Amino acid sequence: MPSHDVLIIGAGLAGQRAAVAAADAGVSVAILSKVHPVRSHSVAAAGGINAAVSVTDDWRSHAYDTVKGADFLGDQDAIEVMCSEAPAEVMHLEHIGVTFHRNDSGELDLRAFGGASVKRTAYVADITGQAILHVLYEQLMKYHETVDRYEEWFTTSLIIDEEGACVGCVARNIRTGSMETFTAKNVILASGGAGQCFKPTTNALICTADGIAQAYDVGAPLMDMEMIQYHPTTLVENGFLITEGARGEGAHLLNSDGDRFMEKYAPNKMELASRDVVSRAEQTEINEGRGVGEDKSGIYLDITVVPKKRVHEALREIVNIGKDFAGVDITKEPILIRPGQHYIMGGVKTDINGATPIDGLYAAGEVACVSVHGGNRLGANSLLDTLIFGRRAGEHAAQRAKGMAMPEVGEAQARQDEQKIAEIIARPREGRRISEIKDELGTVMNQYVAVYREEDGLQKAHEVVRRLKEEAKTAYVDDRGTVFNQDVLGAIELGYMLDAAECTVVGAIERKESRGAQYRVDFPDRNDEDFMQHINTTKNGGDAPTITYTPVTVTQWQPEVRKY
Ligand SMILES: Cc1cc2nc3c(=O)[nH]c(=O)nc-3n(C[C@H](O)[C@H](O)[C@H](O)COP(=O)(O)OP(=O)(O)OC[C@H]3O[C@@H](n4cnc5c(N)ncnc54)[C@H](O)[C@@H]3O)c2cc1C
């Protein structure tokens with residue numbers, strides 16, 4: 001049975017950064033991922049990473065912008081940690097080999113991003129995530145003697161001992177179908193977000209809420225789950241992302257009258273207001289009949305106003321996306337976009353060291369909620385979140401490991417998970433297909449739990465999620481083999497998505513106000529008196545999640561009217 005001081009589940013940016021930090025601290029580490037690490041979803045990150053590295057900038061300005069972007073639901077102690085540590089982290093990335101763009105004077109170039117009061121986004125063209133992920137993976141190679149990599153292993157459960165501490169996990173070797181128990185003094189969840197609960201989404205097929213649901217299953221509270229980010233610029237055809245970097249470089253949003261309508265909604269920041277504000281503005285234009293495209297369900301993103309040379313230098317990936325997936329040359333004509341699901345602000349509740357309320361269980365990255373993003377994440381703050389809190393979780397878990405003995409762990413959970421998989425494979429072909437249920441879930445979430453929400457729609461979404469949970473129990477798979485059986489993993493992932501979606505819907509019903517990404521048509525105002533609080537959802541046996549509240553941590557910025 002493999003045993004390690006620190007076991008990391010997930011090898012995106014948060015997981016790899018945690019692994020390097022723990023290895024630096026001199027402990028034994030395992031990092032486990034259901035896909036090859038450089039295929040983790042972080043590879044898709046495009047526009048950049050925020051840090052107050054400019055001599056004219058200050059981390060406090062970054063922190064204030066983040067607090068305001070979060071619509072005053074972010075915890076300010078965590079935001080201060082993230083923003084004050086950001087410059088050193090970005091310089092560290094450069095020192096280990098990330099080729100950030102430099103300007104003609106040879107300085108680190110910074111681009112404008114939404115909700116930021118100055119240009120503070122460092123970038124590598126529009127492939128920033130890929131550039132960082134590959135460099136971190138190289139770093140991981142240096143630690144091959146202390147970091148064991150389990151690539152294409154799928155975690156099925158966390159293991160909790162009699163004292164309630166997390167002491168490892170069970171995982172399936174995807175190549176062979178064999179099950180293994182991993183013992184660990186500490187486990188760090190770095191298993192990414194939950195975008196596949198929605199259809200369409202900018203997220204990859206692997207973003208299925210695994211870690212969120214696994215933590216929920218062992219009693220860890222989830223926080224801010226109702227806060228779902230709809231990104232303003234996703235392709236109407238298929239939901240692919242057009243990076244905010246395009247608007248950062250100066251692109252305009254136009255309605256059917258050819259107006260730059262953001263003037264009405266955010267006269268100071270225009271297209272670079274925070275994402276929730278821009279997405280709502282677009283949706284209002286569409287709802288009021290000023291949309292463009294065949295059924296008027298889109299908005300034009302006009303990148304032709306950006307000099308062509310600059311587009312090819314700084315936005316080359318979206319030139320390809322426009323051509324390949326929309327048949328549009330973005331240097332010559334506007335492209336049709338609309339708001340689309342992109343990011344989940346909520347996740348497993350942690351402190352500023354990534355520790356959850358369960359001893360030995362940490363979380364970092366999109367799976368976690370520390371909460372630096374509150375009601376709305378600023379663009380380019382997620383990569384930063386993964387790296388800062390990934391590192392802190394790795395360091396903290398390593399220190400904790402030094403003072404304790406390796407736990408004794410039995411095989412009971414592995415046998416139980418094996419049994420569960422056998423039961424899925426043996427199901428008669430009578431129920432619904434996994435893909436049908438997933439499709440219905442995504443469609444309903446996108447219909448009722450999107451940019452605009454109201455009680456009836458949310459209740460309807462909850463009813464559907466509850467029904468789908470029942471139907472998922474008998475949904476069948478076609479593949480009955482052991483080698484690369486993605487079908488059976490799909491069935492397990494569906495269960496994770498349904499749990500996460502239920503927490504999102506229940507949180508959205510509970511929050512009877514409008515704040516950040518949650519806009520309730522029936523409660524259009526922000527209500528600081530009752531709701532400047534985090535909503536936590538915790539598993540309550542077989543029924544709906546239990547709700548509790550946690551006050552928002554305010555250090556120096558009192559809530560104020562939010563205008564851009
Ligand atoms: C198209 C796109 C562009 C973006 N651009 C930016 C940007 O420019 N700037 C920015 O700040 N943010 C951006 N974001 C957001 C950002 O990329 C993500 O939030 C961030 O990369 C998430 O990193 P992570 O390490 O938490 O998770 P991920 O990179 O998603 O990694 C999750 C890991 O967990 C593993 N895993 C999951 N479940 C299991 C399981 N059951 N068993 C084993 N392993 C498992 C996966 O294999 C993977 O290794 C973008 C997002 C998208 C979708």
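Predicted model: local features only at pLDDT ≥ 70, side-chain atom pairs only at ≥ 80, totals over all residues.

Reader: How do I describe two packed helices?

Author: Two packed helices are described by the angle between their axes and the distance between the axes. Axes are lines fitted to C-alpha atoms, for helices over the stretch in contact, and angles run from 0 to 180 degrees between N-to-C directions. Helices are DSSP runs (H or I, at least four residues; strands are E, at least two), numbered from the N terminus. Take α13 (residues 434–448) and α15 (residues 486–510): their angle is about 20°, and their axes lie 10 Å apart.

Reader: Are α13 and α15 roughly parallel or roughly antiparallel?

Author: They are roughly parallel. The cut-offs are under 35 degrees for roughly parallel, over 145 for roughly antiparallel, 65 to 115 for roughly perpendicular, and oblique for the rest. The crossing of α13 and α15 is left-handed: the near helix is turned anticlockwise from the far one by less than a right angle, whereas clockwise would be right-handed.

Reader: Which residues meet there?

Author: Contact means heavy atoms within 4.5 Å. From α13, Ile434, Ile437, Lys438, Leu441 and Met445 take part; their partners in α15 include Leu494, Leu498 and Val505. The contact of α13 with α15 has 10 nonpolar, two polar and one charged residue. Ala, Val, Leu, Ile, Met, Phe, Trp, Tyr, Cys and Pro count as nonpolar, Asp, Glu, Lys and Arg as charged, and the others, Gly among them, as polar.

Reader: How does α14 cross α15?

Author: Helix α14 (residues 455–472) crosses α15 at roughly 160°, and their axes come within 10 Å. That makes α14 roughly antiparallel to α15. This crossing is left-handed. The contact of α14 with α15 has 12 nonpolar, two polar and five charged residues.

Reader: Now one residue. Is His342 buried or exposed?

Author: Buried means under 20% relative accessible area, exposed over 50%, partly exposed in between (1.4 Å probe, protein chains only). His342 has 13%, so His342 is buried. His342 sits in strand β14 (residues 335–344).

Reader: What does the side chain of His342 join?

Author: A polar contact of 2.7 Å links the side chains of His342 and Thr202. Such a contact is a pair of N or O atoms within 3.5 Å; within protein, one must be able to donate a hydrogen and the other to accept it, and residues adjacent in sequence count only if both atoms are side-chain atoms.

Definitions and conventions:
Residues numbered from 1 in each chain as written. Heavy atoms only, no water.
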